[in-house]
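Please read them with the structure open.

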Amino acid sequence: MIRPFSADAAYAQDLPTRAAQPPLAGEQQCEVAVLGGGLTGLTAALELARAGVDVALVEGRQCGWGASGRNGGQALAGLAASMDKVEAALGVAAAQRIWAMTLEGLERLKRQVGEFGVDCELAEPGYVYAALNPAQLADLAAWQQKAVRDYGYDGLTLLDRDGIRSHIGSERYVGGAYDANEVHLNPLKYTLALADAARAASVRVYENSTVERIERGAAPRLVTARGSLRCRSLVLAGNAYLEQVPELSRTILPVESHIIATEPLGERVHDVLPTGVAVADCNQVLDYYRCSRDGRLLFGGRAGPLVTQRAEHARERMLKVFPQLADARIDYAWGGYVDVTLNKLPHFGWLAPNILFAQGFSGHGLALTGLAGQLIAEALGGEPERFALFEQLPMHRLPALPGLRPLAILAGTAWYQWQDRLSARRA
Ligand SMILES: Cc1cc2nc3c(=O)[nH]c(=O)nc-3n(C[C@H](O)[C@H](O)[C@H](O)COP(=O)(O)OP(=O)(O)OC[C@H]3O[C@@H](n4cnc5c(N)ncnc54)[C@H](O)[C@@H]3O)c2cc1C
């Protein structure tokens, strides 16, 4: 028996111990093999198994070990990039279809929490997009009008300074937008519940089985240190943690994000987030936060430059928003790689007629991964149309130069921070 997740994340604190799934050993076969036990891979596996397909999933550590079990827990509609970007690439009608599918992903997550019968600490008080300056507030107002007009979405309510103050105990924001449909939860509990559902649907799950080599061809093969898995079709769902496929890693920058959890705040929660909403500010390099069910503030954002001072750096950012928490103890600190593409649009596609992938949700994957898994199952089941729509989104690739990725991460972060400064000056 092992604890399924590193103990530094607040999410793991009250998890029961779980039996590890066996590693892949010997020569195995299946119809569809899935690489990666995060939300994308597990959803695809579950949906395929429900359709009667023989599925096996191979995970290098434990299910939920990647971004899916360590993220901010904020489940959102839409994509990380604006719908303007989608419209510019594919036209308004395609953008409308994609938007509607993202709502489907969000509803799917809420429904599944009920179906799994596991307490994933789902909280439904809504979500606040917090504007740091008038230019950001103007952008939110424009999107709110466009959402109603072009997407038939009336879930957003604009907030002025007093309005946002009723949700967030901070003087930092000039206003914002409130979305009553968006939710937050404990993402590790949700991912592990999904893993249990996949196993119950007869998915064979192999853990502690890092895939060292992927053989392509008529019958693709995943090779680990102790075994191999041959299949008819292969799903690659290793996202920012997958290093063995250059065609995929060249479109993703694994950007580190860091989260801290305060001690339980007791009654002070009401001075911080009185309505219980989850929040992100409107910067490109943003702060995001919410309170957990046991009353801790979970505050995340870009990881600081020094590995040894990441928690301190996150705490400094938290105190800029909530100076009243200067005496709050920090109980947990952890980080993970966010799956950021160069244009913040998700990256779906086929590497070969029998190998497909979905990745690059750009920090917006908690709900979207469920949709991705569903679309993968549809595509392998002979209905590729909805997957194909995402596949058409434009994607930029880094040149294949060794050592370029870390430099690209630094340059990309600096570029987005510069844009945030420009937006503040525009105000
Ligand atoms: C700190 C942080 C905060 C975030 N906050 C939010 C948020 O609040 N809201 C939101 O919507 N999104 C958020 N995200 C993004 C979101 O978590 C991801 O988009 C989503 O979880 C991606 O899921 P996935 O299944 O595609 O990838 P992952 O969950 O990363 O799963 C990939 C799995 O593949 C396995 N793997 C990789 N390579 C191999 C190999 N060679 N062999 C075997 N296994 C392998 C890994 O071990 C991993 O378990 C955040 C991400 C991070 C890191």
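Predicted model: local features only at pLDDT ≥ 70, side-chain atom pairs only at ≥ 80, totals over all residues.

1. Residues are numbered from 1 along each chain as its sequence is written.

2. The chain is divided into domain 1 (10–71 + 188–252 + 343–412) and domain 2 (122–184 + 254–341); the bounds come from an automatic or database domain assignment. Taken over C-alpha atoms, the centres of the two domains are 28 Å apart. Domain 1 puts 21 residues into the contact and domain 2 puts in 15, where contact means C-beta atoms, placed from the backbone, within 7 Å. The domain 1 side of this contact has nine nonpolar, 10 polar and two charged residues. Nonpolar here means Ala, Val, Leu, Ile, Met, Phe, Trp, Tyr, Cys and Pro; charged means Asp, Glu, Lys and Arg; the others, Gly among them, are polar.

3. Where does the ligand lie relative to domain 1 and domain 2? Both domains give residues to the shell around the ligand, so it lies between them. Of the 46 residues around the ligand, G38, G66, G72, G336 and G365 come nearest; a residue counts as near if its C-beta atom, placed from the backbone, lies within 6 Å. Elements giving two or more residues to the shell include α1 (39–50), α2 (67–70) and α11 (365–380). The most come from β16, with five residues. Helices (H or I, at least four residues) and strands (E, at least two) are DSSP runs, numbered from the N terminus. By class, the shell has 17 nonpolar, 25 polar and four charged residues.

4. α1 also packs against helix α7 (residues 187–200), at an angle of about 25° and with the axes 9 Å apart. Axes are lines fitted to C-alpha atoms, for helices over the stretch in contact, and angles run from 0 to 180 degrees between N-to-C directions. α1 and α7 are therefore roughly parallel, the term for angles under 35 degrees. L39, L42, T43, A45, L46 and A49 of α1 meet T191, L194, A195, A197 and A198 of α7. That contact divides into nine nonpolar, two polar and no charged residues.

5. Helix α3 (residues 83–90) and helix α4 (residues 92–116) have axes that come within 7 Å and cross at roughly 135°. Residues in this contact include M83 and E87 of α3 and I98 and W99 of α4. By class, the contact of α3 with α4 has eight nonpolar, no polar and one charged.

Note on methods: Contact = placed C-beta atoms within 7 Å. Parallel < 35°, antiparallel > 145°, perpendicular 65-115°, else oblique.
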